[in-house]
Amino acid sequence: MPLNETETRHVPPSPAGYQMRPELSETFKSEKIREIINNVLTETLTGQTYSAADASRWTKSMADEISLQVKDLEMHHYKHVVQVWIGQQLGAGCKCVARCRWDTECDNYATAEFKNSTMFCVVTVYGLYLY
């Protein structure tokens, strides 16, 4: 049936292709996330003194706040994991190590730390690309 001048033909959108790698604009935003982590760390821990009860509360609230702000970056093909470690400064050293299996071309992380005279805090956000 021919179309007249006022009618238009509906062309369905092409099906979405299977995306193996993120576009450049969709990659994990490490620098922006590091900035988010530093802001949350500074706002939450500046002027605070370590106590076990407070550390538990701070850990959860910082992880939740960072996670919400990372979601706002709209990296749709990434799943993120936020890890927060808070410890008491007693003069001893501490090494934080994490292992996971990932694609070095797509997956990434951002980390930042905070220290004062009574505590240290290390926050890492892992971004895993969903194929």
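User: What does "buried" mean here, and what share of the 131 residues of the protein counts as buried?

Analyst: Buried means under 20% relative accessible area, exposed means over 50%, and partly exposed lies in between, with a 1.4 Å probe and protein chains only. The model is predicted: local features need pLDDT of at least 70, side-chain atom pairs count only at pLDDT 80 or more, and totals for chains, interfaces and linings use all residues. Residues are numbered from 1 along each chain as its sequence is written, and side-chain values use heavy atoms, with hydrogens and water left out. Of the 131 residues, the share that counts as buried is 31%.

User: Which pattern does the protein follow along the sequence?

Analyst: Helices (H or I, at least four residues) and strands (E, at least two) are DSSP runs, numbered from the N terminus. The protein has 2 helices and 3 strands. Read along the sequence, the pattern is α-α-β-β-β.

User: How many residues does the largest nonpolar core have?

Analyst: A nonpolar core is a set of buried Ala, Val, Leu, Ile, Met, Phe, Trp, Tyr and Cys residues joined through side-chain atoms within 4.5 Å. In soluble globular proteins, nonpolar side chains tend to be buried together. In this model, Ile33, Ile37, Leu41, Met62 and Cys121 have the most contacts inside the largest core, whose number of residues is 28.

User: Which elements give two or more residues to this core?

Analyst: Isoleucine 33 touches Phe28, Val70, Leu73, Met75, Ala110 and Val125, leaving aside neighbours within four places in sequence; contact means heavy atoms within 4.5 Å. The elements that give two or more residues to the core are α1 (30–45), α2 (52–71), β1, β2 (108–115) and β3 (119–129).

User: Is histidine 80 buried or exposed?

Analyst: Histidine 80 lies in strand β1, residues 78–88. Beyond four places in sequence, histidine 80 touches Ser67, Val70, Lys71, Val125, Tyr126 and Gly127. Because the relative accessibility of histidine 80 is 18%, this residue counts as buried.

User: Which residue's side chain is joined to that of histidine 80 by a polar contact of 2.9 Å?

Analyst: A polar contact is a pair of N or O atoms within 3.5 Å; within protein, one must be able to donate a hydrogen and the other to accept it, and residues adjacent in sequence count only if both atoms are side-chain atoms. The partner of histidine 80 at 2.9 Å is serine 67.

User: Which residues does aspartate 103 touch, not counting those up to four places away in sequence?

Analyst: Aspartate 103 is placed in the loop between β1 and β2, and its relative accessible area of 18% makes it buried. Its side chain makes polar contacts with the side chains of arginine 21 at 3.0 Å and tyrosine 131 at 2.2 Å. The residues touched by aspartate 103 are Arg21 and Tyr131.

User: Which side chain makes a polar contact with that of glutamate 65?

Analyst: Glutamate 65 lies in helix α2 and is partly exposed, with a relative accessible area of 35%. At 2.6 Å, the side chain in polar contact with that of glutamate 65 belongs to glutamine 69.

User: How far apart in space are glutamate 65 and isoleucine 37, C-alpha to C-alpha?

Analyst: In sequence, glutamate 65 and isoleucine 37 are 28 residues apart. In space, their C-alpha to C-alpha distance is 9.3 Å.
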